Amino acid sequence: MPVNYSRFHQPFFRFFISLIVCLLVLIVGFYAISWQTAEGFNHEARQRLMLAQRQVNLTLDNGKRAASSVLAYVGDECDDALVQKLRQQVAVVPNVRTVNLAKGDNIYCTSLFGARNASLDLSDYSQGQLDLMPGNPVTPGHALIAYRLFKGDKSVVVGIDSYFLQNILDLLGTHTRLYLKIGSSWLDDQGEVSEGEITVPGLKVDSINTPYAYQISTFIAPHAHWRFILEYSLVSVIIFPFLGVLAGITTWLLLGRMGSPLAQMKSALLNHQFIPYLQPLVEGDNYAVIGAEALMRWQHPKVGMIPPDQFIPLAEQSGLIVPMTQMMMKQVSNYFAPRASQLPIGFHFSFNISASHCTDMGLLEDCKAFLAAFFDHPVLLVLELTERELICPNEITTRLFRELHKLGVLLAIDDFGTGHSSLSYVQQFEIDALKIDQSFIAKIGTDALSAHIVDNVIDLAKRLNLNIVAEGIETRKQAEYLRAFKLDYLQGYLFGRPQPMSEFAKQWLNQINPTAIPYSRKPRA
Ligand SMILES: Nc1nc2c(ncn2[C@@H]2O[C@H](COP(=O)(O)O[C@H]3[C@@H](O)[C@H](n4cnc5c(=O)[nH]c(N)nc54)O[C@@H]3COP(=O)(O)O)[C@@H](O)[C@H]2O)c(=O)[nH]1
């Protein structure tokens with residue numbers, strides 16, 4: 001298709017834009033996946049913190065329960081009975097390792113050693129309640145939490161084994177490690193106790209609203225979530241690359257459609273860029289103008305005037321030729337109907353008709369509409385059938401041509417002599433005229449053999465007893481040569497080139513011979 005491809009249709013441009021669209025979707029996808037994963041990751045970290053907090057609370061609740069049970073005895077003498085009570089708590093309450101009674105800063109009674117005097121450093125206790133120790137003299141190197149319940153200067157100090165707490169941190173620290181912080185000490189999932197700030201890179205997330213004086217923290221390292229991408233964003237990981245490729249392919253196809261010659265033609269049709277040029281048809285004996293052939297031109301806003309050879313074949317293939325021809329007929333009738341009085345009665349307008357226009361009765365309606373526009377000053381309508389696409393004779397074409405004849409429309413075979421179907425058209429359809437192809441006329445005066453061919457084609461046409469039009473006459477010599485054959489009509493640059501309707505009207509309407517005889521139906525041979 002010789003119609004220029006637009007920029008959208010250039011393969012490199014299309015590929016580039018499609019790639020950009022694909023990449024844009026992938027980049028958006030990348031950020032969406034990152035956001036989704038990070039959100040999932042953070043949410044899950046908070047969930048784990050809450051779970052850990054609940055478990056730690058349960059453990060500390062045990063310490064509180066044991067302490068509450070013996071708080072009433074603080075101040076009593078540390079005899080065997082009291083020590084027994086303390087040991088009972090160690091025995092029955094889970095996680096409790098020791099229970100000690102203190103007055104002021106002196107521990108005076110313990111479940112382990114009975115009566116003794118040991119100092120209690122209250123400054124070690126966070127909010128006077130909890131102390132995290134790396135170990136004690138009985139179990140050095142084994143972390144321990146002291147829970148203190150007090151009433152005035154009397155207090156119960158319960159030693160809680162850290163083993164269970166360490167397990168909680170370990171089990172719930174799946175993607176990020178958890179740390180239990182009491183005062184300035186913190187316990188990790190290995191049971192290690194450290195002092196000072198926790199120096200782990202990443203965003204720190206803390207437990208909130210803990211009922212005891214501790215905090216559980218975790219650290220979300222930047223980009224750590226990417227390692228768990230399949231866990232949090234599996235669907236997005238599958239969907240976004242697919243969407244990216246799909247968007248790229250769709251863009252490729254859309255750009256292809258947008259810039260394709262057919263798309264350009266469709267848009268040209270909507271924008272009324274197809275216009276008729278008219279070429280005069282003259283009588284064979286006196287060269288008076290008797291009609292005009294409408295020839296389509298594409299008035300392209302950027303490229304300029306595009307000749308029909310470059311777009312008619314695609315228009316025919318795609319079926320677009322039908323609305324294009326309809327538009328041509330409408331433009332001609334709109335322009336000439338108001339000027340019809342300047343035309344001789346029976347002035348004829350011919351249009352090229354493609355096979356696709358003959359597949360239903362729509363053509364009949366188009367012709368009716370055309371002729372109706374000239375109701376008060378009738379013109380003759382001629383349809384020129386080309387051989388570019390074959391018209392298959394069938395029930396519809398038979399009925400169509402019969403109805404067209406009834407309407408007074410004449411049928412002509414265009415480019416007669418060039419194809420095989422010309423003669424079968426003459427046989428199958430009721431043809432009224434033949435247009436001898438310009439390639440034969442161009443042979444006139446070249447050599448003896450060519451002259452012989454021209455004579456024979458004209459002779460064949462005459463024997464068929466149809467109106468004969470010779471087209472493509474460019475020189476006086478050709479016109480003179482044809483005069484001897486007494487042809488009905490002539491057409492060619494010698495008489496006039498195809499020109500816009502306004503120019504045709506300006507040049508020809510006043511010179512048209514009002515008494516000229518239009519061609520009519522001859523009796524069939
Ligand atoms: N289905 C449709 N086909 C159409 C329509 N409009 C045109 N066409 C077909 O396109 C082909 C080229 O047409 P165009 O470039 O307009 O050429 C026509 C004349 O300009 C040209 N011509 C006329 N006189 C001379 C001449 O003396 N010398 C010379 N070298 N060329 C000349 O010939 C073409 C006439 O076409 P046609 O009578 O139809 O054979 C052409 O095949 C058209 O059919 C359309 O609306 N629909």
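The model is a predicted one, in which local features need pLDDT of at least 70 and side-chain atom pairs count only at pLDDT 80 or more, while totals for chains, interfaces and linings use all residues. Residues are numbered from 1 along each chain as its sequence is written.

Now show strand 16 (residues 380-385) beside strand 17, where four bridges pair the two in the parallel sense; strands here are DSSP runs of E with at least two residues, helices are runs of H or I with at least four, and both are numbered from the N terminus. Two strands count as paired if DSSP finds at least two bridges between them.

Next, select all of strand 17 (residues 410-416), whose seven residues are all buried, so that the strand is largely enclosed by the rest of the structure. Here a residue is buried if 20 or more other C-beta atoms, placed from the backbone, lie within 10 Å of its own, exposed if 12 or fewer do, and partly exposed in between.

On to strand 18 (residues 433-436), which runs parallel to strand 17 and is joined to it by three bridges; within strand 18, Leu434 stands opposite Ile413.

Finally, move to the open sheet of six strands, which lie in the order 3-2-1-6-5-4 with antiparallel pairing. Strand 3 (114-119) and strand 4 (130-133) are at its edges with a single partner strand each, so one side of each has no neighbour in the sheet. Inside this sheet, select strand 1 (residues 96-103) and strand 6 (residues 154-161), which run antiparallel and are joined by seven bridges, and look for Lys103, whose bridge partner in strand 6 is Lys154.
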